[in-house]
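Please keep the sequence and the structure in view while reading.

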Amino acid sequence: MSIRALALELYKAKQKVDALQAEFDSATADDKSVLAGELKMVQKEFQMLRRMLDGEKESGTFRKRFSGFGNSKT
C-alpha cells in the first residue's frame, strides 16, 4: 500500500474516531456502553494505521539496521 493510500485511510479513521468521540460525549449512560466498544475498535484501527504509516516513512538505512533481528539466518 502506498504512503498516500495509507494517509488517506488514516484520515478516514481519524474522522471516525472524532465522530464517535463526539457521539459518545453526548450519549446517555445506556448508549455509552455500546459506543465505548465501537470507539475502542476504531481507535485501535487508527493506531494500527498510524504505525503502518510511520513505518513506511522510515528511511531505508534505518530499516536495514534492524533487519537482522527477525532473521533466523545465522
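## Overall make-up

Of the 74 residues in the protein, 16% are buried, where buried means under 20% relative accessible area, exposed means over 50%, and partly exposed lies in between, with a 1.4 Å probe and protein chains only. The model is a predicted one, in which local features need pLDDT of at least 70 and side-chain atom pairs count only at pLDDT 80 or more, while totals for chains, interfaces and linings use all residues. Residues are numbered from 1 along each chain as its sequence is written, and side-chain values use heavy atoms, with hydrogens and water left out.

The secondary structure consists of three helices and zero strands, and the pattern along the sequence reads α-α-α; helices (H or I, at least four residues) and strands (E, at least two) are DSSP runs numbered from the N terminus. Among the contacts in the protein with a separation of 6 or more, 56% are between residues 24 or more positions apart, a contact being heavy atoms within 4.5 Å.

## Helix α1 and its span

Helix α1 covers residues 3–25. At 1.5 Å a residue, its 23 residues should span 33 Å, and its end C-alpha atoms are 32 Å apart, which agrees; the expected span is taken as 1.5 Å times one less than the number of residues in the helix. The buried residues of α1 are Leu6, Leu10, Ala13, Val17 and Leu20.

In soluble globular proteins, nonpolar side chains tend to be buried together. Here the largest nonpolar core has twelve residues, namely Leu6, Leu10, Ala13, Val17, Leu20, Ala27, Leu35, Leu39, Val42, Phe46, Leu49 and Leu53. Helices α1 and α2 each supply at least two residues of this core, and its largest share, six residues, comes from α2. A nonpolar core is a set of buried Ala, Val, Leu, Ile, Met, Phe, Trp, Tyr and Cys residues joined through side-chain atoms within 4.5 Å.

Phe46 is placed in helix α2 and is buried, with a relative accessible area of 15%. Not counting residues up to four places away in sequence, Phe46 touches Leu10, Ala13, Lys14 and Val17. Leu10, once its neighbours within four places in sequence are set aside, is in contact with Phe46, Leu49, Arg50 and Leu53. The C-alpha atoms of Phe46 and Lys14 are separated by 6.4 Å, although these residues are 32 residues apart along the chain. Lys14 and Val42 are likewise 28 residues apart in sequence, with 8.5 Å in space from C-alpha to C-alpha.

## The surface

The accessible surface of the protein comes to about 5,900 Å², and carbon and sulfur atoms hold 56% of that surface; accessible areas come from the Shrake-Rupley method with a 1.4 Å probe, and for residues only the protein chains shown count as cover.

Which residues form a nonpolar patch on the surface? The patch consists of Met1, Met48 and Met52, with about 320 Å² of accessible area together. Patches are made of residues with over 30% relative accessible area and no salt bridge, like charges being joined within 9 Å and nonpolar side chains (Val, Leu, Ile, Met, Phe, Trp, Tyr) within 5 Å. Met52 and Met1 are 51 residues apart in sequence and 9.7 Å apart in space, C-alpha to C-alpha.

## Salt bridges

Side chains of opposite charge can pair when their charged atoms come close. The structure holds two salt bridges, each defined as a side-chain nitrogen of Lys or Arg within 4 Å of a carboxyl oxygen of Asp or Glu.

One of them joins Lys14 and Asp18, with the closest N and O atoms 3.3 Å apart. Both residues lie in helix α1, four residues apart, about one turn of the helix; Lys14 is partly exposed, with a relative accessible area of 34%, and Asp18 is also partly exposed, with 37%. The salt bridge between Asp54 and Arg50 has its closest N and O atoms 3.0 Å apart, and both residues belong to helix α2 (residues 29–57), four residues apart, about one turn of the helix. Asp54 is partly exposed at 31% relative accessible area, and Arg50 counts as partly exposed at 29% relative accessibility.
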